[in-house]
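Welcome, and take a moment to get your bearings before we start. We will walk through a few places together, one at a time.

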Amino acid sequence: MKTKNEIIKTLVTKRCGVIKPDSIEEFIGAGGYQAVVKAFSMQPEQIIGEVKASNLKGRGGAGFPTGIKMDAVLKAEGSPKYIICNADEGEPGNFKDKYLMENDPHQLLEGMIICAYAVGASHGYIYIRGEYGDSMTALEKAIADAKANGWLGANIKGSGFSFDVMVHSGAGSYVCGEEFALIESLEGKPGRPRNKPPYPTTAGFRDKPTMISNVETFSNIGIIVNGGGEAFKAIGTETSAGTRLISLSGNVKNPGVYEVPFGVTLADIVYGLGEGAPDGQKIKMVQLGGASGPIIPPELLDIRLDYKDLADEGISIGSGAVIVIDERFGMMEILERIMKFFCRESCGKCTPCREGNRQILNILNKFIACKASEEDIKNLTSICNVMCLTSFCGLGQAAPTAVLTTLKYFGGEYTGRLAAKS
Amino acid sequence: MQLLQIIEKHGRQPEDLISILLDYQACKTDNYISEDDVKMLARQLNLTESRIYSVLTFYTLLSTKPRGKYVVQVCNDVPCYVKGSVNVLKILEKTLGIQEGETTADGVFTLEFTSCLGCCDKAPAMRIGGQLYGNLDEGKIGEIIAKYRGQ
């Protein structure tokens, strides 16, 4: 078993808990905003080249290559262009963006300034979920201090480049983590997703080219500019570059936010960092990514944290949540809770998601009551697959993941609850 | 008056509607946007009432029903559940004498479920009037509620 120090690698969190988050002086003293100065000496294409070379993928969950996104916004026609930070961390079990915003808010601003310069954006928004009051306070203070010190506003540090950032509060809606739903919300409307394409890179906020990325993604940009794309790519594995912030919760002795390089195993995270289940309990299942993520048995925890290795098993870790559940809890009650969540949060725009979540819950209730039939297993599988294939946005496509993965890995929990044949 | 000040702060564009609603609701002791408020907002922002209701009824942090001075929100998601959030709800229901979704007769507390509050490492958790409380047990919940009662 590896020690904690062998598992952890602090790159994005290197200043967290070290500097006072509300002190711009301490941030600058610890090397902060150096990357902005360096970026201003580079051509936008050079910066994007470094981000492409780094192989950085979006940390919000979808894993889209950040350099390609930046390139698309740079080349898109239309003005002004916008930078949006998606800080609508609504996926249950995730709290790493909150950690970054409240412990190193200037690092996020640094990344946004560099991206704005690289893609030619003049305005930025940080859309923070309404439940995160402390994160909003931290970012508002950081923005005010950055402005007062010339790191935001007109003609930043004499570069001729001007950029402003505003904090925008969400109002309680899970679907607003979806990029177009978030943009609709930012425009003062209910958060319902739009049809794609066009993508936000060409027609996003106010129908203008928009780079929208996650807090952790922006927080990596300064590191890439400072150290170069190749050095960043060398961290992690061949197929996954850099580190991931893991939000570890549930039945573990040491829950919390941990930064680990790609390549560690899920067991390193659950047992090495979390020290396993408390009170002598045994781990029954682990949900990855949050409510929309797969539920896997402990036997699968030897998988490496790596985009390809996880995809080969047909799973993903989404935005980095690891929720550990021990044997005191029944799988059906966990699934019921998850599906109630999706019934509540479905925006109702498309039928597969609006009706599918309710039907899944209805069928699960039959299993809970031990009144299900073989037919119900078939129907459950069919509804889940239809939702994955035909839902309008990521919410409905991912909502059945927990049910589908438990059908695969915990089939006995379903068949054991079929009604006794008379 | 308050609403006009809030509108001046955020602006009169349709884009500013959600920020205005959140700020205005936060400064009302009954924690909701009334029919009269909607009529006034519609006039001030030159929007239809239905446009305002489309936003008001979409977002869970906005309410069209009167609520208590303090909204007590209990996390309802898996990370809190496996750390005992069902008990948190039961303790709160007992302490406040109301069920989830109800408001105390004196209008001080409303008890609600909420989605993940982002402090799963301190589960189980709740939020009262924007303030987060984690690592809850029966004694701690009693103390916190007593503190708000005294205010």
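Let us begin with an arginine in chain A. The side chain of R194(A) makes a polar contact with the side chain of E187(A), at 3.0 Å. A second polar contact, at 2.7 Å, joins the side chain of R194(A) to the side chain of E184(A). Keep in mind as you look that this is a predicted model.

Where does this arginine sit? R194(A) belongs to the loop between α9 and α10 (200–203) of chain A. With a relative accessible area of 17%, R194(A) counts as buried, because the cut-off for that word is under 20%. Beyond its neighbours within four places in sequence, R194(A) is in contact with F180(A), I183(A), E184(A), E187(A), A203(A), G204(A), D207(A) and F392(A). Of these, F180(A) is 14 residues away along the chain, yet the C-alpha atoms of R194(A) and F180(A) are separated by 5.7 Å.

At the start of α9(A), a side-chain oxygen of E178(A) comes within 2.9 Å of the backbone nitrogen of F180(A). After the helix comes G188(A), with a positive phi near 85°.

Further along chain A, look for a pair of helices. Two packed helices are described by the angle between their axes and the distance between the axes. Helix α16 (residues 351–368) and helix α17 (residues 374–390) of chain A have axes that come within 10 Å and cross at roughly 160°. That angle makes α16(A) roughly antiparallel to α17(A). The crossing is left-handed. Residues that meet here include I360(A) and I363(A) from α16(A), and L380(A) and I383(A) from α17(A).

Now move over to chain B, where another arginine is waiting. R67(B) lies in the loop between α4 and β1 (70–75) of chain B. Is R67(B) buried or exposed? It is buried, with a relative accessible area of 10%. A polar atom of the R67(B) side chain lies 3.0 Å from the backbone oxygen of N31(B). Leaving aside neighbours within four places in sequence, the contacts of R67(B) include Q25(B), D30(B), L61(B) and E112(B).

Finally, a word on confidence. Chain B has a mean pLDDT of 93, and 98% of its residues reach 70 or more. For the complex, the predictor gives an ipTM of 0.95 and a pTM of 0.96.

How values were computed. Residues are numbered from 1 along each chain as its sequence is written. Chains are lettered from A and ligands numbered from 1 in the order in which they are written. This is a predicted model: local features need pLDDT of at least 70, side-chain atom pairs count only at pLDDT 80 or more; totals for chains, interfaces and linings use all residues. Side-chain values use heavy atoms; hydrogens and water are left out. A polar contact is a pair of N or O atoms within 3.5 Å; within protein, one must be able to donate a hydrogen and the other to accept it, and residues adjacent in sequence count only if both atoms are side-chain atoms. Helices (H or I, at least four residues) and strands (E, at least two) are DSSP runs, numbered from the N terminus. pLDDT is the predictor's confidence in each residue, from 0 to 100. Buried means under 20% relative accessible area, exposed over 50%, partly exposed in between (1.4 Å probe, protein chains only). Contact means heavy atoms within 4.5 Å. Axes are lines fitted to C-alpha atoms, for helices over the stretch in contact, and angles run from 0 to 180 degrees between N-to-C directions. Angles under 35 degrees count as roughly parallel, over 145 as roughly antiparallel, 65 to 115 as roughly perpendicular and the rest as oblique. A crossing is left-handed if the near helix is turned anticlockwise from the far one by less than a right angle, and right-handed if clockwise.
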